[in-house]
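Welcome! Let's take a friendly walk through a protein model together. Have the sequence and the 3D view ready, and follow along as we go.

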Amino acid sequence: MSQRKVNQEGRNAMLSAGGSVSGRKGNGKKPGGPSSGKPGAGRRGRWTHVLQGFILGMLIGHVASLLGVQSIPVLRTVHLAPVMGVLGALLALTRGWWLLWWAAGTLCLGWLVLGYTPLIVRPVRTLVVRDRLQPVEAVVVLSSDIHPSGALTTAAQVRLLKGYEMLRDGYARTLVLTRLPAPKKSYLPAVREQMRVLGMSHPILETGAVTNTHDEAVKVSALARERGWKRMILVSDAIHMKRAKAVFAKAGLPVLCAPSASRDFDLATLEVPSDRVHAFREWLWETIGMQVYKRNGWI
């Protein structure tokens, strides 16, 4: 057989094989796809994407909560993580699934920057106001929260301890409390019991129901005018003092700020990453709150 004939037969064989492959490719079926003889493969793939989107959405909601995104009024919900999980599951089925990874990466980077650099230390400390104290008629302890049973929360207890300190050291003679709206219970029973145990017999007054610091300033200022008090000592969280003092000044009542101890982080050092992230969350809350109060004309 001549070499030319051998070459021609080889070309014919290759063309024949190529045609067979082309025929298989042209039947519209992709190996390993839904029509590849594996029933339910496409359905399992979709559910896998949904599950991945839900988990990633939950993680996004959790990290966002750590960074204080709930300071934004429209995002102020205790159900942020599950809501984000559901949105993530829906988004995973669209072409916008990459937004989940983008959001997760951005939030994680933000957490690392805030936690492992001193970026937030200076801004947080500019919010703290601590005045030189002098004897006044009364000390007002701003409300935070109370358990349904009437037991004091940690935040409320830390503030009240500072208030008791003002009474014990002779800086004030009367304790003023602000009342949370119903169905929240009053601080009075718990405070009276604590003062009895501590051997303190100072008068305690309570304002009407309040929902924010502006309400507290208005009601306490009215009480001060009624009693003829010219100045009071104000107790609240350290990072809340700048806004609180401005609100009370706008309401017509000068106050001396006596910030309570930081209950969740060491404000004096802010060396631990979680402390810095927590401090950023408080800073964000106060910064947004300051803008809202300015817009409303409360400061």
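Helix 2 (41–66) and helix 3 (80–91) each supply at least two residues of a nonpolar patch. Keep in mind that this is a predicted model.

Now let's turn to the strands. Strand 1 (residues 138–141) and strand 2 run parallel and are joined by four bridges. Strand 2 also pairs with strand 3 (residues 204–209), again in the parallel sense and over four bridges. The table lists a facing pair of residues for each of these pairings.

| Residue | Stands opposite |
|---|---|
| V141 | L177 in strand 2 |
| V176 | L205 in strand 3 |

How does the chain connect these strands? Strand 1, helix 6 (residues 154–168) and strand 2 form a β-α-β unit, and this unit is right-handed. A right-handed β-α-β unit is also made by strand 2, helix 7 (residues 188–197) and strand 3.

Strand 2, then, takes part in the unit with helix 6 and in the unit with helix 7. Why can we call strand 2 (residues 174–179) largely enclosed by the rest of the structure? Five of its six residues are buried, so the rest of the structure largely encloses strand 2. Here, buried means under 20% relative accessible area.

Technical notes. Residues numbered from 1 in each chain as written. Predicted model: local features only at pLDDT ≥ 70, side-chain atom pairs only at ≥ 80, totals over all residues. Heavy atoms only, no water. Buried < 20%, exposed > 50% of the residue type's maximum accessible area, 1.4 Å probe, protein only. Pairing = 2+ DSSP bridges. Right-handed = clockwise from strand over helix to strand, strands pointing away.
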